[in-house]
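Here is a short briefing to read with the sequence and the 3D view open side by side. Take a moment to turn the view around before you start.

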Amino acid sequence: MLRLLARRLMSNVPESTVYGGPKPQSPGRRVTLTHLRQKHRRGEPITVLTAYDYPSAAHVDSSGVDVLLVGDSAAMVVHGHDTTLPISLDDMLAHCRAVARGASRPLLVGDLPFGSYESSASEAVNSAVRMLKEGGMDAIKLEGGAPSRISAAKAIVEAGIAVMGHVGLTPQAISVLGGFRPQGKTVASAVKVVETALALQEAGCFSIVLECVPAPVAAAATAALQIPTIGIGAGPFCSGQVLVYHDLLGMFQHPHHAKVTPKFCKQYAHVGDVISKALSQYKEEVENRSFPSAVYTPYKISEADVDGFSNELQKMGLNEAASAAAAAGKNEETAEKPSDGKC
């Protein structure tokens, strides 16, 4: 008995866990599926943002958002395409790696892009494995509820990888849907949304994105499921919400982005206006030569070295360059002299 007690005292591993196990969640630690399930049980909304690179990931990380989704919408938002279809798995892995370097707290979910998981369950598992091993993700997301997608989700879960499902408007299926059209607006379509969400839950998904469906349909799906729903253009009755980083910040004023910015997105800032103003001011200051001023010319060379440098340039036959160096040196001296207060 004493030996058993001694072994317990010597170990820093809690008795109720295997190895270290997931620690209790604190603001500075990575969000886990356990944390999301606990929030869902308590009825606390889950916050999700979609971002695509290191700077945006760092901002999301500091915001305390629960989940960061690296979405295939990068095809439209970052690469300028009209749909999500052109982006490749390798493209997505590059985005995932950048995001993983910038975010240490939220659960990281990588979107499997079109063409990376449809052919077979084996292809789906291989792509999902790459998302975790090469992309640094914690989980993957896949779209749709066709039998092949359900099989893919099940196979990925059985391979030990967490899966987020996605129903309603599934942008990868616009060829079938006839464009970016909301779903669930008829009885048959609404029932299909709920049935598909239930099938994905049965396949082992830990959460379901509901995109562009009427609020009553989202409410019904949320009530029917035992896993959290994440709404995007689906009303306030979901377990959580997701928006795209660039959209909610009002990042772009470009006609292309105006074309692809959805109606349901609230802009919490108008960062694009600030960016446009700053870029215009920069252009103006370069053209009128007020930038860079002495304050932004930090690297100095002594007066004696300027003279020596000018002499060497003259020996090389570069008289114009020697004069330019000498004139720049005198200009620096004038800029550095303190004002005597006289006009």
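Angles between packed elements have names: under 35 degrees counts as roughly parallel, over 145 as roughly antiparallel, 65 to 115 as roughly perpendicular, and the rest as oblique. This is a predicted model, in which local features need pLDDT of at least 70, side-chain atom pairs count only at pLDDT 80 or more, and totals for chains, interfaces and linings use all residues. Residues are numbered from 1 along each chain as its sequence is written, and side-chain values use heavy atoms, leaving out hydrogens and water. Helices (H or I, at least four residues) and strands (E, at least two) are DSSP runs, numbered from the N terminus.

**How helices pack**

- Two packed helices are described by the angle between their axes and the distance between the axes.
- Axes here are lines fitted to C-alpha atoms, for helices over the stretch in contact, and angles run from 0 to 180 degrees between N-to-C directions.
- Helix H5 (residues 89-102) packs against H6 at an angle of about 25 degrees, with the axes 9 Å apart, and H5 and H6 are therefore roughly parallel to each other.
- Where they meet, Leu89, Asp90, Met92, Leu93 and Cys96 of H5 are in contact (heavy atoms within 4.5 Å) with Ser127, Arg130 and Met131 of H6.
- Helix H6 (residues 121-133) also packs with helix H7 (residues 147-158), at about 50 degrees and with axes 8 Å apart, so H6 and H7 are oblique to each other.
- That contact is made by Ala121, Ala124, Val125 and Ala128 from H6, and by Ala152, Ala155 and Ile156 from H7.

**Salt bridges**

- Side chains of opposite charge can pair when their charged atoms come close.
- How many salt bridges (a side-chain nitrogen of Lys or Arg within 4 Å of a carboxyl oxygen of Asp or Glu) does the structure hold? There are 9 salt bridges.
- One of them joins Arg130 and Asp90, at 3.0 Å from N to O; Arg130 lies in helix H6 and Asp90 in helix H5, so the pair ties together parts that are 40 residues apart in sequence.
- Lys154 forms a salt bridge with Glu158, with the closest N and O atoms 2.5 Å apart, and both residues lie in helix H7, 4 residues or about one turn apart.
- Glu287 and Lys283 meet in a salt bridge too, at 2.9 Å from N to O, and in helix H13 they are 4 residues, or about one helical turn, apart.
- Salt bridges that share partners join Asp90, Arg130 and Glu134 into one network.

**A buried charge**

- Is Asp72 buried or exposed (buried means under 20% relative accessible area, exposed over 50%, and partly exposed in between, with a 1.4 Å probe and protein chains only)? Asp72 is buried yet has no salt bridge.
- Lys and Arg count as positive and Asp and Glu as negative, while His and the chain ends are not counted; the nearest side chain of opposite charge to Asp72 is Lys141, 5.4 Å away.
- Asp72 sits in the loop between strand S2 (67-70) and helix H4 (74-77).

**Backbone details to look for**

- Cys212, in the loop between strand S6 (207-211) and helix H10 (215-224), has phi near 55 degrees, a positive value in a residue other than glycine.
- At 13% relative accessibility, Cys212 counts as buried.
- Arg289 has a positive phi as well, near 65 degrees, but counts as exposed at 75% relative accessibility.
- The peptide bond from Phe291 to Pro292 is cis, with omega near 0 degrees, and Pro292 is in the loop between helix H13 (271-287) and helix H14 (303-315).
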